[in-house]
2 protein chains.
Amino acid sequence: MRVLVLGGDGYLGWPTAMDLSMAGHDVSVVDNFLRRTMLTEMGAGSLTPIQNLQERVKAFHEVTGLEIRSFIGDLTDPSFTDEVFRAVMPEAIVHYGEQPSAPYSMISRRHGVMTQRNNVEGTLNVIFAIRDIVPDAHLVKLGTMGEYGTPNIDIEEGFIEIEHKGRKDTLPFPKVPGSMYHLTKVHDSHNIQFASRIWGVAATDLNQGVVYGIRTDETDLDERLCTRFDYDEVFGTALNRFCVQAVIGYPLTVYGKGGQTRGFLNIIDTMQCIRLAVENPAESGEYRVFNQFTEQFSVRDLAELVQRVGADLGINVSVDRLEDPRIEAEEHYYNAAHTKLVELGLEPHLLSDEVVAHFIETVQRYKDRILLGPIAPKTRWDSR
Amino acid sequence: MRVLVLGGDGYLGWPTAMDLSMAGHDVSVVDNFLRRTMLTEMGAGSLTPIQNLQERVKAFHEVTGLEIRSFIGDLTDPSFTDEVFRAVMPEAIVHYGEQPSAPYSMISRRHGVMTQRNNVEGTLNVIFAIRDIVPDAHLVKLGTMGEYGTPNIDIEEGFIEIEHKGRKDTLPFPKVPGSMYHLTKVHDSHNIQFASRIWGVAATDLNQGVVYGIRTDETDLDERLCTRFDYDEVFGTALNRFCVQAVIGYPLTVYGKGGQTRGFLNIIDTMQCIRLAVENPAESGEYRVFNQFTEQFSVRDLAELVQRVGADLGINVSVDRLEDPRIEAEEHYYNAAHTKLVELGLEPHLLSDEVVAHFIETVQRYKDRILLGPIAPKTRWDSR
């Protein structure tokens, strides 16, 4: 299948491009290196020694004999987006091409408005390119579990049947997103659902949980193929950050009570989920939503896990309970459905002590690359 | 109270500015004349002979002795928006300043993306200006009943209590908007609700029905104070269009079966609702939603009403059932709550034969200004 991976230079985009290529698909990637630019702005960088996209593609070809085409440009530019779609004529589009950080979107007004413009307009241009150039293509869009917020009822996969005053309907699950970034994913979801209903676009919206891990089958082939790994307060996610903090003897930064519960998954399972979605496409006019995670943990659970595994490895890990810089519930009910990808064939790689131990050892290998500056939380939801 | 009316040159913005000024408020208006520009693009124009904003303000001063300040500029420019907020230091902001037409947003990709950028970014800039410059001000934002779509359950005012698998929560009412324009209002609602939750912004989101009518107490004072009145297929709303069609002997353009049911209200009641919202503000951190309409009608009901009243006035009105250019349910359940504004004191002016007769007579006065070109529906939801 001809697959276009948008944001194909990113943490998940690059491994996804390699994974789909190894699986026999004809893969092209698009990126404007926004992630690299933002990390530079933050004075942070990848733990792993990532190559630039051109070197990655070359190394992948050397190692596997496979070709990945790359296009450098910005999806918010409609003429660039159209050009890429005309050149590739994709049958599936895997869309990671957005500003992915909640804290980044909350730094200032400029960061918030930029995030909304970048994400919403880029996705609109993708929708219109599908409608006008490849109407039969399947859009696989990365959303986030954070779109739902933390309602006091069970979270379903995209839709909920509501009985109200003696009548019934199945409607989009109500969303209470928690940052300017999360809001963009909610806007995207509404825009894509509309495109499916009105123009018949086939779409899968993957509400992904927090991804951890660094190794996939392909990144293991050659160090030049490694993916980026961010551990700073803006782009690092909970477990990734904790493992780095453990390795450098920095107390784990737990925000508030640490009862914030979210869905998590191993990067290996992200690869699986994308492949399942691409190879089992939505139908024309269908807008389907999968919750893409394998397990739920609270931040406290994760900190304890890293502490325990650290002790086994002879590392003394302490925990620092910091005032929560975000405005969010620190203790809450959380129970989210996630059966649809399993029904398609997902075989979860669950988080075990061994996985964490292996993860910590990988981090140790790159220990001398860790920058201490950007680790402590500075971005506050109530800052101006 | 110092009130800033955004979009204060528009169909509702201008009468609102005058109404609030007459009620003793210190009113300033902002506009970039986008509506006038778009009408020029469509080859259409106002039925009524509207003056430019500077002439309106001058005439209003001559007639009433009252001052309305005006600021000309674009809310998507953050420095302009901040400048206005610093100059006025408003206590209430009435926000009509958006691209208001569903058909316009569906003309082409460019129109759709422009509508999303204009509406969402302008409103974000307003939110940030409130947060940073007048944090105690009250945002009165015009949304639309069209945000809800036509669910098979009763529509509530913004929120719904959901019981699900033995648990309960009150969550935002799920939205299924029907155009690129309606989507922007849904995006705004999420963004504003977030601003209330995170930054304590006091906000009232008015999900307004379809407004009809042309006369308010203030427009009646002097012909130079009249408001615009659009009857073309892009900017004209159902009843307004029908009355113009009746007067010129053009068959009423009913789309499809005509069972499309919506909430409607008289422009006089819009004035009342805005005043009630402004003078009974939301509290800091409160995000409240009022459904702003007084009665429900189907398009068929309205066509029959105009036909009947036309006959009484000696006008022979025919009805043309056209293929629906929109993608929407032509027959559906519709029952929407609208009690909160009544509880605040709204006294509805219901649609009667007399109201329609008076309305048709007003249209007759301007009959020689009617342009025939832009009346027939051309904008299709499935056009490319």
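## Close-up views of a two-chain predicted model

**View 1. The contact between the two chains.** In this predicted model, 37 residues of chain B are in contact with 37 residues of chain A (two residues are in contact if their C-beta atoms, placed from the backbone, lie within 7 Å). Helix H6 (109–133), strand S6 (159–164), strand S7 (167–172) and helix H7 (180–199) of chain B are the elements that give two or more residues to the side of chain B that touches chain A. Helices (H or I, at least four residues) and strands (E, at least two) are DSSP runs, numbered from the N terminus. With 10 residues, H6(B) gives the most to that side of chain B. By class, the side of chain B that touches chain A has 19 nonpolar, seven polar and 11 charged residues. Here Ala, Val, Leu, Ile, Met, Phe, Trp, Tyr, Cys and Pro count as nonpolar, Asp, Glu, Lys and Arg as charged, and the others, Gly among them, as polar.

A word on conventions: residues are numbered from 1 along each chain as its sequence is written, while chains are lettered from A and ligands numbered from 1 in the order in which they are written. As the model is predicted, local features need pLDDT of at least 70 and side-chain atom pairs count only at pLDDT 80 or more, whereas totals for chains, interfaces and linings use all residues.

**View 2. How the two copies are related.**

**View 3. The open sheet of chain A.** Seven strands form an open sheet in the order S3-S2-S1-S4-S5-S8-S12 (chain A), with parallel pairing (two strands pair if DSSP finds at least two bridges between them). Strand S3 (69–72) and strand S12 (287–292) of chain A are at the edges with a single partner strand each, so one side of each has no neighbour in the sheet. On average, neighbouring strands of this sheet are turned by 20 degrees against each other, direction ignored. Axes are lines fitted to C-alpha atoms, for helices over the stretch in contact, and angles run from 0 to 180 degrees between N-to-C directions.

**View 4. Strands and covering helices in chain A.** Four bridges join strand S1 (residues 2–6) and strand S4 (residues 92–95) of chain A in the parallel sense. A:Leu4 faces A:Ile93 in S4(A). Helix H1 (residues 13–22) of chain A lies across S1, strand S2 (26–31) and S4 of chain A, at about 165 degrees to S2(A).

**View 5. Helices H8 and H12 of chain B.** Helix H8 (residues 238–248) and helix H12 (residues 353–365) of chain B pack at about 60 degrees, their axes 9 Å apart. H8(B) and H12(B) are therefore oblique to each other (angles under 35 degrees count as roughly parallel, over 145 as roughly antiparallel, 65 to 115 as roughly perpendicular and the rest as oblique). B:Cys243, B:Val244, B:Ala246 and B:Val247 of H8(B) make the contact with B:Phe359, B:Ile360, B:Val363 and B:Gln364 of H12(B). The contact of H8(B) with H12(B) has seven nonpolar, one polar and no charged residues.
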